Structure formats: C-alpha cells, structure tokens
Amino acid sequence: MPDLEPEATAELQDVQRFSIQWMGWIKTISIALTIVLLLHAFVFHLSKVEGHSMEPTLHDHDWLYVNKFVYLLGDPAVGDIVILEDPSDNPEKKLLVKRVVGVPGDRIEIRNRVLYRNGEQVDESTYTDTDIDDLDFGPYEVPEDFYFVMGDNRHARASRDSRSFGPVIRDRISGRVDWIVWPTGDLGSL
C-alpha cells in the first residue's frame, strides 16, 4: 500500500476528528433528550391554564409547574391543586386543573352556598372570593381510590368539576401544581 502524502494524511486526521466530535455531540444530545423525556414522564411537566374555572387562584394563560413525582410516593391530599385527565366522554381528552376538596371516605355536601366535608364547614377564604353560586349538592361519600375535585371559581356554572362529572379515579390524576411559572407577575408557589 503506497504511503499517503502529508496533505492527505492531515485531511484524513481532520475528518476523523470531525467524526469523533460529531459522535460526541450526538451522544450528548441523545443522553440529554432521554433525561428530559424521563423527567417529563415521571417527575414534572409544564401545563397551561385554559379558562377561568380556577380563578382567583389561577388565571387564563398561566403556565404551571406540575410535580408528578410527589404522587409516585403518595396520594393527593385535600387542598392540593391537581392536573387530571378529563373524565367525561369528551373525544378531545383535555387536561383539567382543579382543587381536591374530598379524599376517599370523605362525605361532601354543598348546602346554602357552603361546602361541608364530613359534616364540618370548610373554610375556603384562602382560595375563593365568593360563596358557591350553584345549587345544593349531596351529601356524597367519595369512594375508595377516588377524589372529589372542584374549581376555585364558585360562580354559577363557572367550573366543570366533580359536581358534574363525578369523582375522579386516582389513575387520572397526573400531578400536583406547585408553582405558577408564567407570567412573572403571578410567579410563585401554591
């Protein structure tokens, strides 16, 4: 085999270095993409509010940091704001954002514009700005492995929630909203 001229050898070395660099970049991007996909699947995702059912806590077009990991270790609690799959027969399966007001075994009732859990009036003043405008509801006992959710907007027909579609099975709840990340004026933890 004939010896290569120095110029050809230099070009070959440049091509090899270039190939090695590209392979390094491809590996790095592949690893980063895999990590991001795993984090998105099991740890967190961002979600955008569409509508007014969670006002005054959340507003239309707010971007939310949704913690999925917390529910790998435990279950939703009363007061958690959660992201859930729409349990209705709507063919456009959307995600909904609601507040957990009842956990398995709780008895939920709305009487005279006030929410009661297990016979005791719930103080909702930290997240609502009005009494419940809709009709009385219940009493209703939340079944095992189900959760009763409501929107914070308590004006008449302002929220599609467990009063209309029933309790939500645990498997449909994908995560807890921990932060408003956008717009910056609303930035903060919940």
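**Basis and confidence**

Residues are numbered from 1 along each chain as its sequence is written. In this predicted model, local features need pLDDT of at least 70, side-chain atom pairs count only at pLDDT 80 or more, totals for chains, interfaces and linings use all residues, and side-chain values use heavy atoms, with hydrogens and water left out.

The average pLDDT of the chain is 86, and 88% of the residues score at least 70. pLDDT is the predictor's confidence in each residue, from 0 to 100. Strand β9 has the highest confidence, at a mean of 97. Strand β12 (residues 188-189) has the lowest, at 67. Where pLDDT is low, the predicted coordinates should not be read in detail.

**Overall make-up**

The chain has three helices and 12 strands. These are DSSP runs, numbered from the N terminus: helices are H or I with at least four residues, strands are E with at least two. Of its 190 residues, 35% count as buried. Buried means under 20% relative accessible area, exposed over 50%, and partly exposed in between (1.4 Å probe, protein chains only).

The chain exposes about 11,800 Å², with carbon and sulfur atoms supplying 57% of that area. Accessible areas come from the Shrake-Rupley method with a 1.4 Å probe; for residues, only the protein chains shown count as cover. Among contacts with a separation of 6 or more, 59% join residues 24 or more positions apart. Contact means heavy atoms within 4.5 Å.

**The core**

The largest nonpolar core has 11 residues, including Tyr 71, Val 82, Tyr 147 and Ile 173. Two or more core residues come from each of β3 (81-85), β4 (95-102) and β9 (146-150). Such a core is a set of buried Ala, Val, Leu, Ile, Met, Phe, Trp, Tyr and Cys residues joined through side-chain atoms within 4.5 Å.

Ile 173 belongs to strand β11 (residues 173-182). Ile 173 counts as buried because its relative accessibility is 4%. Leaving aside neighbours within four places in sequence, Ile 173 touches Tyr 71, Pro 76, Val 82, Ile 83, Leu 84, Tyr 147 and Val 168. Ile 173 and Glu 85 are 88 residues apart in sequence, yet their C-alpha atoms are 6.6 Å apart.

**A surface patch**

Phe 18, Trp 22, Met 23, Trp 25, Ile 26 and Ile 29 form a nonpolar surface patch with about 710 Å² of accessible area together. Patches take residues with over 30% relative accessible area and no salt bridge; like charges are joined within 9 Å, nonpolar side chains (Val, Leu, Ile, Met, Phe, Trp, Tyr) within 5 Å. Ile 29 lies in helix α1 (residues 6-42). Ile 29 is exposed, at 53% relative accessible area.

**Salt bridges**

The structure holds 10 salt bridges. In each, a side-chain nitrogen of Lys or Arg is within 4 Å of a carboxyl oxygen of Asp or Glu.

| Pair | Closest N and O atoms |
|---|---|
| Arg 170 and Asp 75 | 3.1 Å |
| Asp 152 and Arg 99 | 2.8 Å |
| Arg 163 and Asp 161 | 2.8 Å |

Arg 170 is buried at 12% relative accessible area, whereas Asp 75 is exposed at 52%. Asp 152 is in the loop between β9 and α3 (162-165) and Arg 99 is in strand β4, so this pair ties together parts 53 residues apart in sequence. Both Asp 152 and Arg 99 are buried. Arg 163 and Asp 161 are both buried too. A network of salt bridges links Asp 134, Asp 161 and Arg 163.
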